[in-house]
Every structure is written in structure tokens, then in C-alpha cells.
Amino acid sequence: GYRAFATKIWNAARLIFRYVDESDRLPSLAELKQARLSMVDRWILSRLARVTDGVNRSVEQYNLHEGARHIYGFFWHEFCDWYLEMIKLHPERSKPTLLYVFESALRLLHPFMPFITEELWQSLPHKGDSIVVAPYPEFDAEMVNEQVESQAELIQEIVVKVRNIRAEMNVDAKQTVPVRVATSDAEVSRLLSEARDYIFKLAQV
């Protein structure tokens with residue numbers, strides 16, 4: 001329920017505040033577009049663009065329940081369950097994207113959960129006096145990257161399948177195990193090589 005969701009947001013913020021200090025500033029989207037971002041950073045920016053579009057469409061149609069569902073799914077599953085875990089490999093490199101996405105997500109979420117979002121927004125690098133008067137995020141089609149989304153989905157699928165096999169065979173979650181992935185697709189092989197550190201960390205292999 002939403003009490004558990006509020007706890008999830010708060011715990012995510014506590015993790016983010018480990019990486020952020022007063023000298024940090026909120027990057028602009030233009031700066032991120034010019035930066036050499038990791039695959040996971042490009043993925044989360046693409047997903048943020050899609051959820052921004054979904055929430056805005058829902059609000060325009062006065063379908064607030066659907067808007068809440070969009071931001072709930074993004075924040076809980078994509079941002080917390082995947083992105084925050086993946087960037088633990090390179091928190092400093094991903095910090096600008098992390099700040100941008102978290103601040104944008106708080107503004108998206110604000111109409112649905114005003115108090116917790118204001119509290120956390122004030123603790124982040126931000127522009128303006130209050131999240132209440134901060135501009136609502138707008139959809140930017142340039143940030144949607146279907147190729148990166150497909151790549152991230154493949155990595156996540158592999159991790160989930162390894163986790164499922166471990167659970168079925170009662171392998172201790174902390175124990176690393178050898179895993180072999182076979183493919184005749186050169187592109188998939190290249191992707192797995194580039195993303196192997198994420199797979200190793202998330203699947204404990």
C-alpha cells in the first residue's frame with residue numbers, strides 16, 4: 001500500500017543522501033544530454049521520460065488513479081529496485097543523473113504525496129523556494145531510447161532468471177555461483193560483456 005510506498009521513498013532518499021552533499025548542484029537536462037552517460041543512466045532517463053508522458057496524459061484526462069499508478073510503478077520497481085542497485089557500482093559517475101531523476105520524480109509525485117515530497121525536495125539541490133511552485137516535469141521525446149531500454153530489459157531478465165533458479169535450488173543469497181550464458185548473437189554477446197559487472201552484482205554470480 002501507500003504506507004509501504006512512503007517508506008520505500010524515504011529509504012531511497014536515505015541512500016541518495018549518502019552520495020550527495022551541499023557542494024552538489026542539480027544538473028540540467030541539457031547538460032545530461034551532452035554528457036557521456038552509462039547505459040543504466042540512459043535507461044533510467046528514458047524510463048523517466050516515458051513515465052512523465054504517462055503521468056501528464058493521465059492528469060490532463062483527470063485520471064488521477066492512473067497517474068498515481070504510473071509514478072508508483074516507476075519509482076518502486078525501475079528506480080528503486082533496479083537503478084539504485086545498479087549504480088552502486090559507480091555512484092560518483094551516476095550522481096548527476098541520480099540527482100536529476102530523483103528530483104524530477106519528486107515533482108511528478110508531489111500532487112499525489114505532497115508532504116513527503118516537499119520534505120525531501122528541500123533536502124536536495126533544487127531550484128526555487130518550494131516544490132509547490134516548481135514547474136511540473138514535461139515530456140521530452142529526445143530522451144526516449146528504445147535500444148537502451150531493450151538492452152536493460154535483457155540484463156534484468158537474466159538477473160531475474162538466475163535469482164529464480166537460485167531460489168528453486170535453495171542456494172544461499174550471499175553465495176556466489178558460476179553461471180554460463182550461451183548465445184550465437186554477436187550483439188547480445190557484446191552487451192553481456194559490457195554489462196557483466198551489473199549481472200555479477202545483482203545475481204551474485
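I started with the aromatic cluster: ring pairs join F5, Y72, F74, F75, W76, F79, Y83 and F102. I counted a pair when ring centres of Phe, Tyr or Trp (its six-membered ring) lie within 6.5 Å, with planes under 30 degrees apart called stacked, over 60 edge-to-face and the rest tilted. This is a predicted model, where local features need pLDDT of at least 70 and side-chain atom pairs need 80 or more, while totals for chains, interfaces and linings use all residues. Residues are numbered from 1 along each chain as its sequence is written, and side-chain values use heavy atoms, leaving out hydrogens and water.

The structure has nine aromatic pairs. I looked at F5 and F75, which sit edge-to-face at 6.0 Å centre to centre, with 85° between the planes. That pair links helix α1 (residues 2-19) to helix α4 (residues 64-86), 70 residues apart. Helices here are DSSP runs (H or I, at least four residues), numbered from the N terminus.

Are F5 and F75 buried or exposed? F5 is buried at 1% relative accessibility, and F75 is buried at 0%. Buried means under 20% relative accessible area, exposed over 50%, and partly exposed in between (1.4 Å probe, protein chains only).

Next I checked N56, in helix α3 (residues 39-60). N56 has 17% relative accessibility, so I noted it as buried. Leaving out residues up to four places away in sequence, N56 touches Y136, P137, E138 and F139; contact means heavy atoms within 4.5 Å.

Last, I compared helix pairing: in α3, residues including L48 and V55 meet residues of α5, including Y100 and L108.

Notes. Helix = DSSP H or I, 4+ residues; strand = E, 2+ residues; numbered from the N terminus.
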